[in-house]
Each structure stands twice: as C-alpha cells, then as structure tokens.
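Student: I would like to learn how to read a protein model step by step. Could we begin with the strands and then go on to the side chains?

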Amino acid sequence: MEITDVKVFKLKGKGKLLAVANVVIGNKIVLKGIKVIDGERGMFIAMPSRLDTRFKEAKYREHYHPINQEARDEITSAVIDAYINLEE
C-alpha cells in the first residue's frame with residue numbers, strides 16, 4: 001500500500017479530538033474523516049463511523065477500515081506524523 005498524500009485539519013476546542021485527516025492511497029482512493037484523538041496512552045486514529053440502530057443494541061460501526069494490522073499501522077503512522085509536522 002502506498003500512501004501518496006495526507007492532509008490534516010487541526011481542530012480547536014474539541015477536547016480530546018485533535019484533528020481530522022484525509023489520506024490518499026496510490027493516487028487512486030481517498031479516505032476522508034479519519035480522526036486524530038489524544039488518548040490516555042497517547043495519540044491514535046479512529047476511522048469514520050456512524051450509529052447503527054438496526055439491531056436491538058445500537059453500536060457505532062466504521063464506514064471503512066484497514067483489513068490487517070500492517071495497513072492500520074501504516075495509516076496511523078502517516079496521519080500522526082503529518083499531525084506532528086503540522087504543529088512545528
């Protein structure tokens with residue numbers, strides 16, 4: 001997987017939500033709305049999700065997500081690096 005572009009949009013006054021990012025993969029697919037969150041164990045990303053009320057117990061479900069840990073790590077690293085470089 002080749003991450004060809006990352007755009008980070010810093011947010012102010014949103015508590016633990018630090019930014020929202022868009023990631024372009026292979027100059028062919030864009031993943032929009034990835035959240036950068038300041039968690040108890042450091043920064044992490046969360047994929048876009050929505051509340052699914054089709055079942056007895058409503059749950060948030062991701063619109064899209066990496067299918068393996070390697071892909072998740074690549075996206076996480078690219079987004080967090082872009083966020084850190086944005087702050088400098």
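Predicted model: local features only at pLDDT ≥ 70, side-chain atom pairs only at ≥ 80, totals over all residues.

Student: How many bridges hold β3 and β4 together, and which residue stands opposite Val-36?

Tutor: The antiparallel pairing of β3 and β4 runs over five bridges, and Val-36 has Ile-45 of β4 opposite it. Elsewhere, strands β5 (residues 49–52) and β6 (residues 59–62) run antiparallel and are joined by four bridges, with a hairpin of six residues leading from β5 to β6. In that pair, Ser-49 has Glu-62 of β6 as its bridge partner.

Student: Which residues touch the most other members of the largest nonpolar core?

Tutor: That core has 15 residues, and those touching the most other members are Val-23, Ile-34, Val-36, Ile-45, Ile-75, Val-79 and Tyr-83. At least two core residues come from each of β2, β3 (29–39) and α1 (69–87), and β2 gives the most, with five residues. If residues up to four places away in sequence are not counted, Val-79 touches Val-6, Val-8, Ala-21, Val-23, Val-36 and Ile-45.

Student: Is Asn-22 buried or exposed, and what does its side chain reach?

Tutor: Asn-22 lies in strand β2, and it counts as buried because its relative accessible area of 18% is under the 20% cut-off. Its side chain reaches the backbone nitrogen of Gly-33 at 3.2 Å. Leaving aside residues up to four places away in sequence, the residues that Asn-22 touches include Asp-5, Lys-7, Phe-9 and Gly-33.

Student: And where would I find Lys-12?

Tutor: Lys-12 is in the loop between β1 (3–10) and β2 (17–25), and it counts as exposed because its relative accessibility of 78% is over the 50% cut-off.

Student: How many salt bridges does a search of the whole structure find?

Tutor: Side chains of opposite charge can pair when their charged atoms come close. The search finds four salt bridges. In one of them the side chains of Lys-7 and Asp-5 meet at 3.0 Å, N to O; Lys-7 is partly exposed at 44% relative accessibility, and Asp-5 is partly exposed at 28%.

Student: Which residues are linked in a network of salt bridges?

Tutor: The network links Asp-52, Arg-54 and Arg-61. Within this group, the side chains of Asp-52 and Arg-54 meet at 2.8 Å, N to O, and Asp-52 is buried at 7% relative accessible area, whereas Arg-54 is exposed at 66%.

Student: Which residue forms a salt bridge with Arg-72?

Tutor: Its partner is Glu-62, with the closest N and O atoms 4.0 Å apart. This pair links distant parts of the chain, since Arg-72 is in helix α1 and Glu-62 in strand β6, 10 residues apart. Arg-72 is partly exposed, with a relative accessible area of 23%, and Glu-62 is partly exposed at 36% relative accessibility.

Technical notes: Residues numbered from 1 in each chain as written. Heavy atoms only, no water. Buried < 20%, exposed > 50% of the residue type's maximum accessible area, 1.4 Å probe, protein only. Core = buried A, V, L, I, M, F, W, Y, C linked by side-chain atoms within 4.5 Å. Contact = heavy atoms within 4.5 Å. Polar contact = N/O pair within 3.5 Å; in protein donor to acceptor, adjacent residues only side chain to side chain. Pairing = 2+ DSSP bridges.
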